[in-house]
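Open the structure in a viewer and keep the selection panel at hand. The tour below goes from one selection to the next and says what is there.

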Amino acid sequence: MPRPHLGLLAALAAAYGIFAFSDRIDPYHLDVLVGIGINVILAVSLNLVNGYTGQFSLGHAGFMSVGAYLSAAVTMLLGPRLFGGDSSAWQQNSLFLAALMAGGLGAAVAGLLVGVPSLRLKGDYLALVTLGFGEIIRVIFQNFEPLGGALGLNGIPAYTNIFWVLAFAAFTVFTVACLVHSTYGRGFIATQDDEIAAEAIGLNTTRYKTVAFVVAAFFAGIAGGLYGHFKQTITPGGFDFNRSIEIVVMVILGGMGNTIGVILAAVLLTLLPEVLRPVAEYRMILYSLLLILLMIVRPQGLFNLRFWKTHH
Amino acid sequence: MLEVTDLSVSYGAISALGGISFSIEAGSIVTLIGANGAGKTTTLRALSGLVRAKGGRVTFAGADITNLAPHRIVARGLCHVPEGRMIFSNLTVDENLAMGAYLQKDQARIATNRDYVFGIFPRLQERLLQPAGTLSGGEQQMLAIGRALMGNPKLLMLDEPSLGIAPKLIRTIFEKIVEINRRHGVTILLVEQNANLALEISHRAFVLETGRIVMAGESRTLRANPELKAAYLGG
């Protein structure tokens, strides 16, 4: 079996192991771990667009919200109708998996709708279009009463557990790694390195950008579904511009186009606010200062070996 | 092999090419010379579909390719080595060459092409696993040409292959261009600021000035032309 597949199996086994012992883990630590897993999914998937393919999307939280609302709608509306009042764990889990897929696919369709017209634009323009998309989605959910409107959606069943989160994080890393290291996938890096040269040797760069965008949106949707069924309540405000920026920061800090670095940055930036809790009101100031410091010390990102080689 | 009729290109309101016509015979080396901003790069980009033609027609090997998508034009065997050695610096030399064969499906043919590229540029084989960004300027140019050759070109368009390369290497690169043409039968359209050298290795030449062809003919004849000498060949 090829190495990435073995890695995925090992990660899934580890996820199940942690899940099996989750009774003995402090609930607070478990919560932080779920947060880390969700952020890993978000950051690693966005890295496919912003890192490997060299585009600049500012709308990841928008895709996340599509997944969160859609999957919550599936479990809340479909669940009681299918299983009545009481359902077995097996029924719940399969409904949840279906809901996550629906959320992911919904986000992917949204990604396609935003991507096809806007990926012909370059750089700053794409950033603005995706930023606009995120805001539009937020405003739509805010005014759509059947899904709670501005108050948000409450009472989402708590289906998310540590196994689901870690398993999907592993699956995201696996998919992105396989995609980028395949013959087809070198096209993402080629598009980033030099779009004109890539076109000149016959790459359809628009298609590459669209594929990257849709795949990233899919995983953002999954992350949204996991998040909603973890917090049990979602509000449009939770998926605002700031959330998108947080994910972009993880990608930049980790080193654009370096999956390991981005995973570490996602872990670090999820832990940092938690570790800084004791200093209460100074927390966000310290957080920002640390970010500035890190960017000064390692502007190429924590782990960007390839770029490091190129520029020195 | 290539027939260009009344090709015009504009960037917004600014006209870059004001209707040029020329043709290239199979098996020849044709050069396009002219000053900065004359429209040389724009001509190549319009031919390979990287910029849209506003008017005119491009026929390649008997088929109309005007405003086809770039990857469809490459698939027909018209390959473009863009100006400034646009290699993929974060991919290795090997991966760059693999990307050049992106549209090729025949594995045996790809292997033959690799050997053929290494035959022309042995240096590339020595640097196979090195990130392309770490190559010297001359090596990057070799890689850019090699990458284009991986796509089985019938017509190879080279944009300023001498740009930013050590003078000693320029001659080597030009010898390789002649070799690709003579030994492998690839037709070549060469855009060059170094008009002396370009006229030396080419069969025919066109002189471009502010988006129009102002002179055309056999390279040998043009080299002796006093007007051209004064303008482009340094007296």
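A residue counts as buried if 20 or more other C-beta atoms lie within 10 Å of its own, as exposed if 12 or fewer do, and as partly exposed in between. Asp6(B) has 13 other C-beta atoms within 10 Å and is therefore partly exposed. This residue comes back at a later stop.

**Before selecting anything**

The model is predicted. The predictor assigns the complex an ipTM of 0.72 and a pTM of 0.81. For chain B the mean pLDDT is 90, with 98% of its residues at 70 or more.

**Select chain B**

Chain B contains 10 helices and 10 strands. Its radius of gyration is 17 Å, close to the 18 Å that the globule rule gives for 235 residues, so chain B is as compact as a globular protein of that length. The C-alpha trace of chain B spans about 45 × 40 × 30 Å along its principal axes. Colour the chain by burial: 47% of the 235 residues count as buried. Among contacts in chain B with a separation of 6 or more, 66% are between residues 24 or more positions apart.

**Select the six-stranded sheet of chain B**

Select the strands in the order E6-E7-E8-E3-E9-E10 (chain B); they form an open sheet with mixed pairing. E6 (78-81) and E10 (212-218) of chain B are the edge strands, each with a single partner strand, so one side of each has no neighbour in the sheet. On average, neighbouring strands of this sheet are turned by 15° against each other, direction ignored.

E6(B) runs parallel to strand E7 (residues 155-159) of chain B, and 4 bridges join them. Two residue pairs can be picked out here: His80(B) has Met157(B) in E7(B) as its bridge partner, and Val81(B) has Leu158(B) in E7(B). Which residues of E6(B) lie on one side and which on the other? Leu78(B) and His80(B) are on one side, Cys79(B) and Val81(B) on the other; these four are all buried, and both faces of E6(B) are covered.

**Select the four-stranded sheet of chain B**

Here the order is E2-E1-E4-E5 (chain B), an open sheet with antiparallel pairing. Strand E2 (14-24) and strand E5 (63-64) of chain B are at the edges with a single partner strand each, so each has one side without a neighbour in the sheet. Strand E1 (residues 2-11) of chain B pairs with E2(B) in the antiparallel sense over 8 bridges.

**Select residues 40-47 of chain B**

This is helix H1, in which 8 of the 8 residues are buried, so the helix is largely enclosed by the rest of the structure. Among the buried residues are Lys40(B), Arg45(B) and Leu47(B).

H1(B) lies across E3 (29-34), E6, E7, E8 (187-192) and E9 (204-209) of chain B, at about 145° to E7(B). H1(B) also lies across E1, E2 and E4 (55-60) of chain B, at about 70° to E2(B). After the helix comes Gly49(B), whose phi is positive, near 85°.

Most residues other than glycine have a negative phi. Asp6(B) has a positive phi, near 55°. Asp6(B) is in strand E1 of chain B, and is the partly exposed residue with 13 other C-beta atoms within 10 Å.

Asn152(B) is not a glycine either, and its phi is positive at about 50°. Look for Asn152(B) in the loop between helix H6 (137-149) and E7 of chain B. Is Asn152(B) buried or exposed? It has 20 C-beta neighbours inside 10 Å and so counts as buried.

**Select the contact between the chains**

The last stop takes in 18 residues from chain A and 26 residues from chain B. On the chain A side, helices H7 (186-193), H8 (195-200) and H13 (305-311) of chain A each supply at least two residues. The side of chain A that touches chain B has 8 nonpolar, 4 polar and 6 charged residues.

How values were computed:
Residues are numbered from 1 along each chain as its sequence is written. Chains are lettered from A and ligands numbered from 1 in the order in which they are written. This is a predicted model: local features need pLDDT of at least 70, side-chain atom pairs count only at pLDDT 80 or more; totals for chains, interfaces and linings use all residues. The radius of gyration is taken over C-alpha atoms; the globule rule is 2.2 Å times the number of residues to the power 0.38. Two residues are in contact if their C-beta atoms, placed from the backbone, lie within 7 Å. Ala, Val, Leu, Ile, Met, Phe, Trp, Tyr, Cys and Pro count as nonpolar, Asp, Glu, Lys and Arg as charged, and the others, Gly among them, as polar. pLDDT is the predictor's confidence in each residue, from 0 to 100. Two strands pair if DSSP finds at least two bridges between them. Axes are lines fitted to C-alpha atoms, for helices over the stretch in contact, and angles run from 0 to 180 degrees between N-to-C directions.
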